[in-house]
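Please read the following report alongside the coordinates; it goes from the packing of individual elements to the chain as a whole and then to the interface.

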Amino acid sequence: MDKATIELLARRAGLEKALADFPEDIVIAATQASGAAAKMKAPTDPRAEPWPPMRAGDGL
Amino acid sequence: MTDLHWLGAAEAARAIAAREISPVELMQALLDRIGRLDPKLNIFIRLDGEAALAAARAAEAEIRAGRPRGPLHGVPVGIKDIFDVAGLPTTCHSKILIDNIAAADAVSVARLRQAGAIVMGKLSTHEFAVSGPSFDLPWPPARNPWNTDHHPGGSSSGSASGVAAGLFPMALGSDTGGSIRTPASACGIVGLKPTYGLVSRRGVFPLSFTLDHIGPMTRSVTDNALMLAVIAGHDPLDPGSAAAANGHYAAGLGRGVRGLRVGFVRRFHEIDMPAGPEATAALEHVARTLQAEGAEVRNIALPPLDEFAAVNRVIMSSEAWGIHGPWLRERPGDYGQLARRRLMAGAFLGAGDYVQAQRRRREMIASVEEAFREVDVLLCASSMDPACRMDKPAEIERTFPRQARTPFNVTGHPALAMMAGLSSGGLPLSVQFVARNFAEATLFQVARAWEQAAGTNRKHPPIG
């Protein structure tokens, strides 16, 4: 993620204060996020649904 | 008799009920020890000593009058400072919530009190149960009783360090990416992340709704089973609560492992994140011991650790951003640097990332379920390294992610971490056992067999 994109996303998220006071933290947070998203494999089955938080009643 | 501070929860409860010791005598001994050791260990954010002594006196009177309250009557407990305790602050170890006084007990705290346990106070944590040991918060970070120059793991750092140091026999912790099992591993105690939904999260400050688990931290497997039996059970007001019946968690203790099929996930510590020779040797020793006790140990394959970690990170960051976004926008300077960096990550993830992570999660659950068609229990690494020094932030950053705990937050399966031995430097090494959903009794059965063979519950840190 380049610097301009990071700044744009930070402003869109309302992080102007953090951008002004902790610019290095913003870059590290953005790098962590993009790194994790990049390491994730796409689901192999197009019909795979999101995991429900809990199916109450019978456990998982 | 054993020194009072090394009495386990079950032993203490039995001795109190039999009037061999007084709960006041026990509480006073622990408060004296806290007075000596807490300045070195930084376990307590808020010690509620007077109230704890008053509760101990009340317990003594009830027992004398023949009115036992429950299986933990008179037994002290420490509470991680993200759990509400009525009348005390829930700060989450953060300036953000420094004046946040809880109106009511968290469900798990209330259940402990109903069973007769006595709350001693609120314990150090990583800020908002995320990141690592920080020196820029209103309270200092907890330290490891095996060597106070080293970190105690986290985020339930005060819970593990205090249990290991003999300041209280049991504590509550929470686990979103390993936060019960990490400090249990670093401090050489028993930490259980139960099945998702088994213990109510109500009254506990959330980090990530679909990954958060509440669990017991103790010095022995028996105490862990006892504590789980008290705190587990359906809570209709927790939307994540399972309607599973509270199991007989101690049923398998002492039954041994003969005939059990144990799947050894070697790839985690051999391929994905190669562990050091001492940690590897300790894991092999656990496997050989269980085999000698009659278990059938075989290799088992699971997806790579970094895939689990990525899914965990995307889900946790997204859900935590939903909680912390408003404060991070308005008060970013009131967070410590580590938590600020971790919690802002969610601002850079999209809805698509979150949905894909939850979909991939479902496939990863299926892969672990598949493994449980072949075996009854998984054996794998917990931490790849013993705890490093606290004054080496680069080493903390390098070693903290070197663990195999996040897979079971992603899948929800119950997982228990405990001591596997001691390193040449005198620090705990660890092992992790994992079972099918709601099969905590099997987990305790295997963990107890290892504990009995190795005597891990009798190994205490050389402090005070």
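## Sheet and helices in a predicted model

Helix α5 (residues 157-164) of chain B lies across β1, β2, β3, β4, β5 (190-193) and β6 of chain B, and its direction makes about 150° with that of β4(B). Helix α15 (residues 440-454) of chain B also packs on the sheet, where it touches β5, β9 (377-380), β10 (415-422) and β11 (428-435) of chain B and runs at about 150° to β11(B). Here helices (H or I, at least four residues) and strands (E, at least two) are DSSP runs numbered from the N terminus, a contact requires C-beta atoms, placed from the backbone, within 7 Å, and angles run from 0 to 180 degrees between the N-to-C directions of axes, which are lines fitted to C-alpha atoms, for helices over the stretch in contact.

This is a predicted model, in which local features need pLDDT of at least 70 and side-chain atom pairs count only at pLDDT 80 or more, whereas totals for chains, interfaces and linings use all residues. Residues are numbered from 1 along each chain as its sequence is written, while chains are lettered from A and ligands numbered from 1 in the order in which they are written. The mean pLDDT (the predictor's confidence in each residue, from 0 to 100) of chain B is 97, and the model scores ipTM 0.93 and pTM 0.97.

The sheet is open, with 11 strands in the order β1-β3-β2-β4-β6-β5-β10-β11-β9-β7-β8 (chain B) and mixed pairing, two strands being paired if DSSP finds at least two bridges between them. At its edges stand β1 (44-47) and β8 (296-299) of chain B, each with a single partner strand, so one side of each has no neighbour in the sheet. Within the sheet, β2(B) and β3(B) pair in the parallel sense over 5 bridges.

Helix α4 (residues 107-114) of chain B is largely enclosed by the rest of the structure, because 6 of its 8 residues are buried, that is, have 20 or more other C-beta atoms within 10 Å of their own C-beta, with all of these atoms placed from the backbone. Its cover includes the strands below, as well as α7 (221-231) of chain B.

| Strand of chain B | Residues |
|---|---|
| β2(B) | 76-80 |
| β3(B) | 118-123 |
| β4(B) | 170-175 |
| β6(B) | 213-218 |

Turning to the interface, 36 residues of chain A are in contact with 43 residues of chain B, and α3(A) gives the most to the side of chain A that touches chain B, with 11 residues.

Key
A residue is buried if 20 or more other C-beta atoms lie within 10 Å of its own, exposed if 12 or fewer, and partly exposed in between; C-beta atoms are placed from the backbone. Two residues are in contact if their C-beta atoms, placed from the backbone, lie within 7 Å.
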